[in-house]
Amino acid sequence: MAYVAEFVGSLVFLLGGYAYMCNVTLKKTLVSSLNYVELVIAWSLAVGLGLTTAVIMGGPAYLNPGVVFGNIIFGGLAVGDALIYLLMEFLAAGCAEIICLIFFYDSFKASQGVPKRGIFSAYPVEKNVPLNFVQEVLATFTFLFLVFTCLKATSGDSAALQIGVVGFAVVALLALTLNSTGFSMNAMRSVFSSIWFAIIPFPTKDGEKVDWSYQLIVNLVGSSIGGILAVFVTGLF
């Protein structure tokens with residue numbers, strides 16, 4: 001059941017964020033324009049509800065490869081179990097994109113020439129890989145440190161709700177005050193989804209390519225280091 005919880009929580013998290021990004025990126029939708037505060041609220045709710053869902057279903061609510069890696073190193077998580085959690089996150093990313101494709105198929109068809117990779121992956125305002133890498137490590141660490149602190153401080157029936165609220169609040173805080181890279185803070189949200197974006201035949205994708213160097217250096221390695229550090233530091237408590 002813990003593996004199912006990881007899949008469902010990840011799907012809720014990703015589907016909420018990706019659906020909003022489809023609405024503001026593609027043509028012929030009911031939103032069709034970006035409102036930054038609205039975007040922050042949408043992603044924050046998606047993260048908070050994903051965390052809450054996974055915890056209520058009895059899962060560890062990793063929802064992040066960096067957290068999985070950190071628990072292998074510092075939390076005693078078996079490698080075999082970790083691989084299954086990573087697989088659940090990977091499959092959730094694919095399912096979220098397929099569901100978005102079904103719901104927004106006509107919008108994808110109508111969006112000739114519209115860049116689409118940003119729907120499913122975080123990219124910076126200005127690409128500066130060394131700086132973006134440091135920013136991603138710091139943002140991921142801050143986010144997960146606060147969520148883990150809440151997790152260790154709560155118990156009982158209210159724990160899941162509190163964790164969800166903290167997830168919402170931290171994402172909103174970071175995005176509204178510090179955001180310059182899109183803050184993936186999660187390789188599932190960007191790297192796993194980029195793999196699926198490269199595979200799935202979205203209409204009018206027009207040969208758009210994933211920036212793999214950025215995804216692997218910043219959104220995979222950077223966010224994973226931030227997650228590992230957060231697991232380590234909160235473990236000291």
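Trainee: Does L63 count as buried or exposed?
Mentor: This is a predicted model: local features need pLDDT of at least 70, side-chain atom pairs count only at pLDDT 80 or more, and totals for chains, interfaces and linings use all residues. Residues are numbered from 1 along each chain as its sequence is written, and side-chain values use heavy atoms, with hydrogens and water left out. Buried means under 20% relative accessible area, exposed over 50%, and partly exposed in between (1.4 Å probe, protein chains only). L63 has 4% relative accessibility, so L63 counts as buried.

Trainee: Where is L63 found?
Mentor: Helices here are DSSP runs of H or I with at least four residues, strands are runs of E with at least two, and both are numbered from the N terminus. L63 has a positive phi near 50°, in a residue other than glycine. L63 is found in the loop between helix 2 and helix 3.

Trainee: What is the phi of A61?
Mentor: A61 is placed in the loop between helix 2 and helix 3, which spans 65–74. A61 is buried, at 12% relative accessible area. A61 is not a glycine, yet its phi is positive, at about 60°.

Trainee: What radius of gyration does the protein chain have?
Mentor: The radius is taken over C-alpha atoms, and the globule rule is 2.2 Å times the number of residues to the power 0.38. The C-alpha atoms fill a box of roughly 50 × 35 × 35 Å along the principal axes. For 237 residues, a compact globule would come near 18 Å; the protein chain agrees, with 17 Å.

Trainee: Among contacts between residues at least 6 apart in sequence, what percentage join residues at least 24 apart?
Mentor: Contact means heavy atoms within 4.5 Å. Buried residues make up 51% of the 237 in the protein chain. Of the contacts between residues at least 6 apart, those joining residues at least 24 apart make up 81%.

Trainee: Which residues make the nonpolar surface patch?
Mentor: Patches take residues with over 30% relative accessible area and no salt bridge; like charges are joined within 9 Å, nonpolar side chains (Val, Leu, Ile, Met, Phe, Trp, Tyr) within 5 Å. Accessible areas come from the Shrake-Rupley method with a 1.4 Å probe, and for residues only the protein chains shown count as cover. L49, in helix 2, is partly exposed at 48%. The patch covers about 390 Å² and is made by V12, V37, I41, L45 and L49.

Trainee: Which helix gives the most to the nonpolar patch?
Mentor: The protein chain exposes about 10500 Å², and carbon and sulfur atoms supply 71% of it. With four residues, the top contributor to the patch is helix 2 (residues 36–56).

Trainee: Which residues is E38 in contact with, leaving aside its neighbours within four places in sequence?
Mentor: E38 lies in helix 2. E38 is partly exposed, at 37% relative accessibility. Beyond four places in sequence, E38 contacts Y20 and V31.

Trainee: Which residues does N23 touch, not counting those up to four places away in sequence?
Mentor: N23 lies in helix 1 (residues 2–25). N23 counts as buried, at 19%. With residues up to four places away set aside, N23 touches T29, L30, V31, S32 and F104.

Trainee: Which side chains meet in a salt bridge?
Mentor: A salt bridge needs a side-chain nitrogen of Lys or Arg within 4 Å of a carboxyl oxygen of Asp or Glu. A search of the whole structure finds one. At 2.7 Å, N to O, the pair is K127 and D211.

Trainee: How many residues apart in sequence are the parts that K127 and D211 tie together?
Mentor: K127 is partly exposed at 48%, whereas D211 is buried at 15%. K127 lies in the loop between helix 6 (117–120) and helix 7 (129–153), and D211 in the loop between helix 9 (187–199) and helix 10 (212–235). The pair therefore ties together parts whose separation in sequence is 84 residues.

Trainee: How many disulfides does a search of the whole structure find?
Mentor: A disulfide is a pair of cysteine sulfur atoms within 2.5 Å. Buried C22, at 0%, has its closest cysteine sulfur in C100 at 4.2 Å, too far for a bond. C95, partly exposed at 30%, also has its closest cysteine sulfur in C100, at 11 Å and too far for a bond. The number of disulfides found is zero.
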